Each structure stands twice: as structure tokens, then as C-alpha cells.
Amino acid sequence: MPRLTDEEIARMKELDGKATAGPWYPGHLSDPSIKCDCPYVFDENHMGSVCEVSVENERGEGWNDSPKREEAEANQLFIAFARSFVPRALADLEELRNGMDRIDALAQSSVKHDETLRAIIRILRDA
Ligand SMILES: [Zn+2]
């Protein structure tokens, strides 16, 4: 899988900044302890939800090619979890890339390289 481009990361940060703040919570569809099948994903402030997942009606009728229930439950959990995961992943990614840039700059410098640093540089160049 190709690495994320700087443009993709900047776009995700922009979208993250504009979307409804987290955390988000999955509705009852994906909670086996609750009989309700509400397909919503909620945040703290919008009781009407920020979105809902589509579920196949399982009646064999036409015009319903939505995901089957198990997949819809996974979609609900994914969307709710991603809201908190994405900004933290972006921060981690930024920190890692900054670290790689610093190591790469060090590798390009005239600093005498010891074996550990040489190994790190080889790993980064092969990545
Ligand atoms: Zn419900």
C-alpha cells in the first residue's frame, strides 16, 4: 500500500477540524445487550445523531442493497471509533514523520556514524 502523501494528510486534518467534534458513540444496532436496532451514530450534542448506517432489510425485497446486519454493525462501530482515532493517529503520524526527518537529516550530515545509527539509517532507507 503506498504511503500517505502530505496532501492526503493535510486533507484529513482539514476534514477532522471541520467535522463534529468527538467522541462519537455507536447506536444500539451494534450492542448485543440491547434489543433496539437504532442505526445511528451519536455525539455529545446532537440527539438526532451525526449519521446513521444503512442495513439490509432482510425481507428479500428489491431496492435494498445495503450492507447485511453484521457488516452494518461493524460500520457503526468503525465510524464511532474513527472519530476519536483519526486525530490521534494524525498526531502520531506527524510525530513519527518528524522523527524520521530528523534522523534522515542526521544521516545526511557529516556526523560520524556509529553502527546503531547506520542500522537506523538502513531501516529508514529501505522502508
Ligand atoms: Zn436504540
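Which residue of β3 does Val41 stand opposite? The residue opposite Val41 is Cys51 in β3. The structure discussed here is a predicted model. Its mean pLDDT is 89, and 95% of the residues score at least 70. Confidence is highest in α1, with a mean of 97, and lowest in α3, with a mean of 76.

**Sheet**

Strands pair through backbone hydrogen bonds, in either a parallel or an antiparallel arrangement. In this protein, three strands make up an open sheet ordered β1-β2-β3, with antiparallel pairing. Strand β2, residues 40-42, pairs with β3 over two bridges in the antiparallel sense.

**Helix packing**

The packing of two helices is described by the angle between their axes and the distance between those axes. The table lists two helix pairs of the model.

| Helix pair | Residue ranges | Axis distance | Angle | Handedness of crossing |
|---|---|---|---|---|
| α1 and α2 | α1 6-18, α2 69-108 | within 10 Å | roughly 145° | left-handed |
| α2 and α3 | α3 115-126 | 10 Å | about 120° | left-handed |

In the pair of α1 and α2, the α1 side consists of Ile9, Met12, Lys13 and Asp16, and these meet Val86, Pro87, Leu90 and Leu93 of α2. By residue class, this contact has six nonpolar, no polar and two charged members.

The pair of α2 and α3 packs at an angle of about 120°. From α2, Met100, Ile103, Asp104 and Ala107 take part, and from α3, Ile120, Ile121 and Leu124. The residues of this contact divide into six nonpolar, no polar and one charged.

Leaving aside residues up to four places away in sequence, Ala80 touches Trp24, Tyr25, Pro26 and Val41. Among these contacts, Trp24 is 56 residues from Ala80 in sequence, yet the C-alpha to C-alpha separation is 4.8 Å.

Methods
Residues numbered from 1 in each chain as written. Predicted model: local features only at pLDDT ≥ 70, side-chain atom pairs only at ≥ 80, totals over all residues. Axes fitted to C-alpha atoms, helices over the stretch in contact; angles between N-to-C directions. Helix = DSSP H or I, 4+ residues; strand = E, 2+ residues; numbered from the N terminus. Left-handed = near helix turned anticlockwise from the far one by under 90°. Contact = placed C-beta atoms within 7 Å. Nonpolar A, V, L, I, M, F, W, Y, C, P; charged D, E, K, R; others polar. pLDDT = per-residue confidence, 0-100. Pairing = 2+ DSSP bridges.
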